[in-house]
Amino acid sequence: TARRTIDIAATMAPVAWTCVRTSDTTRRAIALREALVHLGPAFVKFGQALSIRPDLVPSAAILELRQLCDAVPSVDTEEAL
């Protein structure tokens, strides 16, 4: 829906801005992980898939995204349904 598209764009825009304004790969990776968690289970799953792809993702991001495999915050049942 349009509302979800706006939510995704609003969540990812600060991540993109962080990537533009800083060369600190750790800060970039943290911003990406936090955005994926905020966006929900499908995006967390995408982050988990990226966490095993060192050919696509920098090592700092791999370390952050692996946290999505180890300790994912639970999702409220009402929100999931």
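1. Setting aside residues up to four places away in sequence, Thr18 touches Arg27, Arg28 and Ala31; contact here means heavy atoms within 4.5 Å. The model is predicted, so local features need pLDDT of at least 70 and side-chain atom pairs count only at pLDDT 80 or more, while totals for chains, interfaces and linings use all residues. Residues are numbered from 1 along each chain as its sequence is written, and side-chain values use heavy atoms, with hydrogens and water left out.

2. Thr18 belongs to helix H1, residues 2-21. Helices (H or I, at least four residues) are DSSP runs, numbered from the N terminus. Thr18 counts as buried because its relative accessibility is 8%, where buried means under 20% relative accessible area (1.4 Å probe, protein chains only).

3. The buried residues of H1 are Thr11, Val15 and Thr18. Their cover includes H2.

4. From first C-alpha to last, the 20 residues of H1 reach 28 Å, close to the expected 28 Å at 1.5 Å a residue. That expected span is 1.5 Å times one less than the number of residues.

5. The largest nonpolar core has nine residues: Ala29, Leu36, Val44, Leu50, Val57, Ala61, Ile62, Leu65 and Leu68. Such a core is a set of buried Ala, Val, Leu, Ile, Met, Phe, Trp, Tyr and Cys residues joined through side-chain atoms within 4.5 Å. At least two residues of this core come from each of helix H2 (25-39), helix H3 (41-50) and helix H4 (59-70). H4 gives the largest share, four residues.

6. Leu36 is one of the core residues. Apart from neighbours within four places in sequence, Leu36 is in contact with Phe43, Val44, Gly47, Leu65 and Leu68.

Methods: Buried means under 20% relative accessible area, exposed over 50%, partly exposed in between (1.4 Å probe, protein chains only).
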